[in-house]
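Let's walk through this one together, with the viewer open beside the text. Here it is.

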Amino acid sequence: MAQTLAEQILSHAAGRPVRAGENVVVHVDLVMMHDSLSPSIIKILHNELGAERVWDPEKIAVVVDHVAPAATVQNAEYQYNLRRWVREQKITHLYDVGRGISHPVLVEEGMARPGMLIVGSDSHSTGYGSVGAFGTGMGSTDIALALATGKTWLRVPETVRVQARGRFRPGVGAKDLGLRAARELTADGATYQSVEWHGVDFLSVGDRMTLATLSIEVGGKAGIVPPTSTQEPVALSSTNGLRQLVGSDWLNAPGYVPEWLRVEEGANYSRTVEIDLDQLNPQISVPHYVDNVVDLGDLERVAVDVIYIGTCTNGHHGDMAAAAQILRGRRVAPGVRLLVVPATSEALRQASLDGTLDTLLAAGAAIGTPGCGACIGRHMGVLAPDEVCLFTGNRNFRGRMGSPKANIYLASPEVAAATAVTGYITHPQEVLG
Amino acid sequence: MPRVWIFGANVNTDQIVPGRYAPYMLKSEDELRKYPFVEARPEFASTTQPGDLIVAGPNFGCGSSREYAPLALKMVNIGAIIAPLFARIFYRNALNLGIPCFEADLTGVLTDGQIVDFDVSKGLLVANGQEIQLPPPPTFLQEVWNAGGIVPFYKQYGRFPGEAASS
């Protein structure tokens, strides 16, 4: 019987064929935890579960990304304790302040790979699906249990298929596809289910992560892009201990994609949503719900105070480069602020090598430390009451980025750049002419 | 007698506890009890009584993985949450903490502030003399509830819910 990618990965983890609807207890390949939930995870692990050691210090990734660098003495103390705990537990993979957001960092490091089952203390752990992994978010207690035992329990999910056809028009990209899917599926359209993204083989891994991270915004337990080859240029270096990836076709590197992980004809999908990219317009998610999406052309003129480019959804190198292409030779409009927070240090380094960073700075952008930034409303650009933000992130919930009286619009990096030039939400082609 | 707190559809975890009020941002986790619905319903934390019921529309708890959202509700001793559909991570977190969640749509039946009778072990709610039987959760999840959450369950049985005892 043909299986979905989620069924294949969970069958591999379970060591027997499993089908949607079954409950399984499985070994995980990797556990990710970040600074924000680390105090409670460590407390539950030791004080409540009574475990002295983590199950495997090499299969745990600890990332300091949620408030990085620390904004308060309190944060600094929690981070100090976290680093000490990492040393005590002999955990080998700590990605500290400035390395970036957990999901893209673990992909760059080669820790998140096709076919893996990854649990993370962050809802956007669906992002590991950008390389064909089953990534899913969990809370402190589930993560503490996984740290103690190397296992978790899961219900094998049904799968919703998003089938894209054609190619994007100029100024339209992966974010628009993701928001369009949210508009079709709504905020709970894939609850308890996996989302498979088809017809996107031409997208870079960064763009695939845009789709994979947005999968949780329709309730997805996982969001998986079939791990096919990509024509993305490789800029990863072997400096900083980064994994050396082979060739531009890195998803086709020998052994990178397991033999057993393939899209199978006849796999059972609970629903298929078809999206015609040739007809797709820039999509805007209007306050205060992610699935509250309209075509940019149907939006009345919205003046903004701040444009924020960043997050695990749209802070990748390709996102900054796309914004730079629009900002080249132009300036941020008077009275408007442009904040750019790269998703990872590697994305920032690439931007510094190819001129992207220079273009952004020349246009008047402020650059933040790679990490989650203001996405959780804790530091690095939180919003005042009545401020309007054009955000390339994944959530526009009331109060998400600061004041509950602020308004957050979600859009692509291309729309963000065009909006920075004019001061109101703008189609990229309007600026490019 | 429990009071009913009515909420709409798609209540997200930023509404339950904004990220700015995470324990990570506080002096101690204990302070969290002051902040459930701090911005969405500022009167909630100070007036809710142990055993009160949250009755909401679909997709309750959508958004982030923050366990401190259901933890804040546990700290004020919410009796149960009743919604037609729960977001997955929230449901797991609530289950793990031992907060009873029932899948039913009662937002059109009950009113905000209404006082009802509720027997959590039977899932039986009595409002205006009318009995409403809530659907019980699957057996293996009920075991976790009965143990008081996943940590006491795991410590008692040495296994995950649904896992064979020998493995």
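**Starting from a strand pair**

B:Ala83 sits across from B:Glu103, which belongs to β4(B). A word on ground rules before going further: this is a predicted model, where local features need pLDDT of at least 70, side-chain atom pairs count only at pLDDT 80 or more, and totals for chains, interfaces and linings use all residues. Residues are numbered from 1 along each chain as its sequence is written, while chains are lettered from A and ligands numbered from 1 in the order in which they are written.

Back to the strands. Strand β3 (residues 80-83) of chain B pairs with β4(B) in the parallel sense, over three bridges. Here two strands pair if DSSP finds at least two bridges between them, and helices (H or I, at least four residues) and strands (E, at least two) are DSSP runs numbered from the N terminus. Zoom out and you'll find four strands of chain B in an open sheet, ordered β1-β2-β3-β4, with parallel pairing. β1 (4-6) and β4 (101-103) of chain B are the edge strands; each has a single partner strand, so one side of each is left without a neighbour in the sheet. From one strand to the next, the twist averages 20° (axes are lines fitted to C-alpha atoms, for helices over the stretch in contact, and angles run from 0 to 180 degrees between N-to-C directions).

How confident is the predictor? Chain B has a mean pLDDT of 95, with 98% of its residues at 70 or more; pLDDT is the predictor's confidence in each residue, from 0 to 100. For the complex, the predictor gives an ipTM of 0.96 and a pTM of 0.96.

Now for where the chains meet. On chain B, 36 residues are in contact with 39 residues of chain A, contact being C-beta atoms, placed from the backbone, within 7 Å. Two or more residues of this side of chain B come from each of α1 (13-16), α4 (88-97) and α6 (150-157) of chain B. The largest share, five residues, is from α4(B).

How values were computed. Two residues are in contact if their C-beta atoms, placed from the backbone, lie within 7 Å.
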